[in-house]
Amino acid sequence: MNTGVKITAYAAALAATFGTAYGVGKGIGPVEEPKKAEHAGHAAQDPQGKPGREGHGEEAAPAAASLPGGLQVSQDGYTLALDTPTPARGRTTLKFSIKDAAGKKVTAFTTEHGKQLHFIVASRDLDTFRHLHPVRAADGTWSVDADLPAAGGYKAFADFKPAAPGAKGITLGADLSVPGAYAPKPLPAVAPTATVDGYQVRLGGVLDPGKPGELKLTVTKAGKPVTDLEPYLGAYGHLVALRDGDLAYLHVHPNEGGPGPDVSFTAEAPSAGTYRLFLDFQHEGKVRTASFTVTAGAKGTSPAPAAGGTSGTGEAGHDAGGHAHG
């Protein structure tokens with residue numbers, strides 16, 4: 001990516017570790033300089049955002065800073081409140097708000113990567129991934145249309161930075177449930193390439209738990225390198241990572257480079273296991289999403305490339321998301 005490209009992860013700190021990936025937002029803006037990591041320590045909280053009970057003879061909940069993003073519905077005094085926790089299958093409208101410690105809807109956010117808030121919805125089986133761009137009403141209610149093609153459990157992630165002085169980036173997660181008969185799909189097999197809308201994306205590198213490593217994604221079309229990727233929200237690529245099982249939303253540290261065919265990131269998995277990676281890239285005016293399955297810490301094998309299959313294009317190519325920019 002060129003030196004002048006802003007490549008920070010979708011909503012907050014880029015601590016060179018997976019911790020809370022980022023979603024995507026608004027239209028294309030000017031390419032800017034990369035920003036520094038923002039995440040710092042947080043007070044101990046339980047999954048509902050209540051303070052840990054240290055000093056009362058009970059085991060304290062782990063500090064938020066020690067957890068990957070998206071595992072808590074409340075953190076640092078902010079809560080993701082879903083108005084539509086059981087949306088209809090198919091095309092539907094999702095509504096939610098971010099509430100402060102007093103229960104008041106938050107209306108002041110810091111714009112990052114072209115958006116005040118990035119919203120991602122993924123099915124529990126990681127077959128469906130949607131990177132959405134909600135719109136906020138004056139009263140603090142956010143709304144966005146989404147296509148949820150199958151019944152079952154989903155997880156919604158809100159990635160944002162409050163405008164309050166000293167506030168840090170936060171990724172909150174809450175469960176959605178689409179009524180109907182549910183038949184979970186198995187994860188696609190690990191493989192080095194994914195195909196989407198006529199593009200081939202090859203994933204190379206190693207993903208080791210507790211150890212930073214480079215992931216390089218190479219975009220080609222009809223066997224030819226794509227060297228004119230377009231900046232999308234100030235970056236040539238956005239990488240989201242979700243851990244299979246709990247859907248932890250992971251941070252990826254982006255590296256500088258040119259407009260293709262290579263887009264690279266530095267990543268560190270918090271644990272051994274299976275992850276799904278989702279790469280958003282824009283070419284010829286349209287955003288595509290290539291998806292991969294990666295195994296970190298697999299004994300005797302390289303925990304690198306993974307397979308994916310075909311991802312959607314268009315509305316959130318997106319309508320398909322944790323996160324970084326490359």
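Reply: The protein chain exposes about 12,800 Å², an accessible area from the Shrake-Rupley method with a 1.4 Å probe, where for residues only the protein chains shown count as cover. Carbon and sulfur atoms supply 52% of that area. This is a predicted model, in which local features need pLDDT of at least 70 and side-chain atom pairs count only at pLDDT 80 or more, while totals for chains, interfaces and linings use all residues. Residues are numbered from 1 along each chain as its sequence is written, and side-chain values use heavy atoms, with hydrogens and water left out.

Confidence comes next. The chain averages a pLDDT of 77; pLDDT is the predictor's confidence in each residue, from 0 to 100. A score of at least 70 is reached by 71% of the residues. Over residues 1-61 the pLDDT is below 50. That stretch still has 237 contacts in the model beyond near neighbours in sequence, a contact being heavy atoms within 4.5 Å. Residues 299-322 also have pLDDT below 50, with 116 such contacts. Where pLDDT is low, the predicted coordinates should not be read in detail.

Of the 326 residues, 50% count as buried. Buried means under 20% relative accessible area, exposed over 50%, and partly exposed in between (1.4 Å probe, protein chains only). The chain has one helix and 21 strands. Both are DSSP runs numbered from the N terminus: helices are H or I with at least four residues, strands are E with at least two.

Two strands pair if DSSP finds at least two bridges between them. Inside the order, strand 3 and strand 7 (residues 141-148) run antiparallel and are joined by eight bridges. Phe96 stands opposite Trp142 in strand 7.

Thr92 is buried, because its relative accessible area is 12%. Leaving out residues up to four places away in sequence, Thr92 touches Pro87, Val144, Asp145, Ala146 and Leu148.

Strand 4 (residues 117-123) and strand 8 (residues 152-160) are joined by seven bridges. Ala122 stands opposite Lys155 in strand 8.

Last, follow strand 14 (residues 238-243), where Arg243 lies. Arg243 counts as buried because its relative accessibility is 14%. Its touching residues, not counting those up to four places away in sequence, include Pro68, Leu71 and Tyr275. The side chain of Arg243 also makes a polar contact with the side chain of Ser271, at 3.1 Å. A polar contact is a pair of N or O atoms within 3.5 Å; within protein, one must be able to donate a hydrogen and the other to accept it, and residues adjacent in sequence count only if both atoms are side-chain atoms.

Gly245 is in the loop between strand 14 and strand 15 (249-250). Gly245 counts as exposed, because its relative accessibility is 59%.
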